[in-house]
Every structure is written in structure tokens, then in C-alpha cells.
Amino acid sequence: MQQEVIISVKDLVKNYGDFNAVKGISFDVYKGEIFGLLGPNGAGKSTTLEIIETLRDKTSGQIIVDGINLDKAPNEIKKIIGVQLQSSGYYPGLNLTELIYFFAGLYNEKVNAMELLDIVNLRDKAKAKYKELSGGQKQRFSIATTLINKPKIIFLDEPTTGLDPQARRNLWELIIKIRSEGTTVIITTHYMDEAEILCDRVAIIDSGNIIALATPDKLIDELVASGFEKPKEVKQANLEDVFIHLTGKNLREE
Ligand code: ADP
Ligand code: MG
């Protein structure tokens, strides 16, 4: 089946002074997929995302988002994407409902705050302040804010870092739900189990180069075909399975 390309990155280079952080990478993201950008710290993931998000200048290369050339109409790209803010971006004195209306005002969008909070399971926190939320709730709220302008694509940079296993699973369900509504998702993560479960395709980036790009299944099959074997006596479960078995999947924070 021919996939429709929604983001096309060609020969992207980013230099910070003399430091070559992104070294001419090219990749496409398909409409409606969950695309993972994986790689060690400092690989260039956030730099790449922020350039596509129009928040950071590139050194060279070409980027097209939903047919819009980033060099020609960055503001048109801004309108169709949702970007997760760092937590410092939320006014501490406002409650969640007020924050949503504040952001909606910036986007010039009409939203129903309660509907949006329902999507991320935070209706009962509508009057709570951002700083009063748990880590998982903060992540869910910041995902809600990415949806305010009804974007075609959302960008999630390490949304599950630091979360407990229950909150992580809860966020996977949320991301899958958002994708099922037709939204394309680009996500970075250091958790390979998460990437394997969530991502339709992943690009592995190392020191500014893409060194692999395929479905998780294909990458695993290729490794096995190359003669790779796991150390013997692989157990049928791991410690995370034990943890979830003992403590259940229910969220604890609320
Ligand atoms: P990742 O998100 O994969 O961890 P980043 O894109 O944040 O990687 O960073 C890639 C490299 O670029 C790192 O070596 C980082 O130190 C460097 N870098 C990132 N931002 C800047 C900046 N504003 N100025 C100089 N170097 C930077
Ligand atoms: Mg990063």
C-alpha cells in the first residue's frame, strides 16, 4: 500500500557553532502513523524535532510538512501541529481550565475545556493548578494542550520519562487513542519496550546520523537473521511484569 507522506525531511543539517549536531539526515513520516525517534542522549532528536516544529533554525536541508515548505511558510506549519511545552511554560497561578482557555486564546481557537480534559482523564482536576499535578497528570495535561488547535501532527519529546509503570501504560493508551482519531504522532523515548509497543516505524539516530529506519519488527528480524542470539535461559517475564502483576495497572496518582 502506498503511504501518504506528511513530513518529509531531506539532508537536514544543524550546526551549533563548529559542532555538527545533525549531519544530513533524511526521513519521511507517514500520515496517521506513530513514528519514533530513538537514540542516546545528545544524538540530535530534540534538535531535529524543534527544527520541524519551526522553533529552531536549521543550518541546511529541506523540510516539508503536509505540503508546506518550512522555509516559505513556517506560520502555516505552526497552525497544523501540536507541540508539548516544557513544564516551565505553564503559569503557576492558573488552574487547568484557565490554562486551556489561555492557550486556546493564543491559538484563536474555541475549545470546550471539559471535553479536552476528559480525553486525557483529568476532568476531576479541572480546578487544580498545574504544579499540584503528579508527573503522569502533568504529562497528560501537556498532551491535552497539544490538541487545542486540532492539529494534524503532534510532537512528543520523551513524554514518559520519569513516570511510574502505571502512568507510562496510561500514556500509551492515550497516545494510541489520539492516533486512532487520525492524528500523526512523532515521539522520542529512551524506553525500547515502549517504542516496540507504540511505534509503527522507528528511526534510530546516533551522533547526528540515522543508522536504522524501519518497523520495530523488521529491525528485530534483521538482527536475528544476522546471527544475533540472546543469552540463554530467557525468562518468561521480567521485573516490570512482576511489578505490574503485584501493583496492578490502575493509576495511583489521583
Ligand atoms: P537529544 O535530544 O537526542 O538528546 P539534542 O538534540 O538535545 O539531543 O542535542 C544534540 C547535540 O547538540 C548535543 O550534543 C547537545 O549538547 C548539542 N546542543 C543542543 N542544543 C544546543 C545549543 N543550543 N547549543 C549548543 N549545542 C547544543
Ligand atoms: Mg532530547
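## Starting at A195

A195 touches L38, T189, V202 and P216, leaving out residues up to four places away in sequence; contact here means heavy atoms within 4.5 Å. A195 sits in helix 7 (residues 192–198). Helices (H or I, at least four residues) and strands (E, at least two) are DSSP runs numbered from the N terminus. Is A195 buried or exposed? With a relative accessible area of 3%, A195 is buried. Buried means under 20% relative accessible area, exposed over 50%, and partly exposed in between (1.4 Å probe, protein chains only). Although A195 and P216 are 21 residues apart along the chain, their C-alpha atoms are separated by 7.8 Å.

## About the model

This is a predicted model, in which local features need pLDDT of at least 70 and side-chain atom pairs count only at pLDDT 80 or more, while totals for chains, interfaces and linings use all residues. Residues are numbered from 1 along each chain as its sequence is written, chains are lettered from A and ligands numbered from 1 in the order in which they are written, and side-chain values use heavy atoms, with hydrogens and water left out.

## Two nonpolar cores

The largest nonpolar core has 42 residues, and I100, F141 and I187 touch the most other members. Helix 6 (residues 165–180) gives the most to this core, with six residues. A nonpolar core is a set of buried Ala, Val, Leu, Ile, Met, Phe, Trp, Tyr and Cys residues joined through side-chain atoms within 4.5 Å.

E4 lies in the segment before strand 1 (5–16) and is partly exposed, with a relative accessible area of 48%. Leaving aside neighbours within four places in sequence, E4 is in contact with V29, Y30 and K31. E4 and G32 are 28 residues apart in sequence, and 8.8 Å apart in space from C-alpha to C-alpha.

T47, in helix 1 (residues 45–52), is buried at a relative accessible area of 10%. Its side chain makes a polar contact with the side chain of Y16 (2.8 Å). A polar contact is a pair of N or O atoms within 3.5 Å; within protein, one must be able to donate a hydrogen and the other to accept it, and residues adjacent in sequence count only if both atoms are side-chain atoms. Setting aside residues up to four places away in sequence, T47 touches K14, Y16, V22 and R56.

## Loops and a helix end

Most residues other than glycine have a negative phi. D66, however, has a positive phi near 50 degrees. D66 is in the loop between strand 4 (60–65) and strand 5 (68–69), and is partly exposed, with a relative accessible area of 27%. For N108, phi is also positive, near 60 degrees. N108 is found in the loop between helix 3 and helix 4 (113–119) and counts as exposed, at 73% relative accessibility.

What caps the N-terminal end of helix 9 (residues 239–247)? N238 does, with a side-chain oxygen 3.1 Å from the backbone nitrogen of E240. Just after helix 9, G248 takes a positive phi of about 80 degrees.
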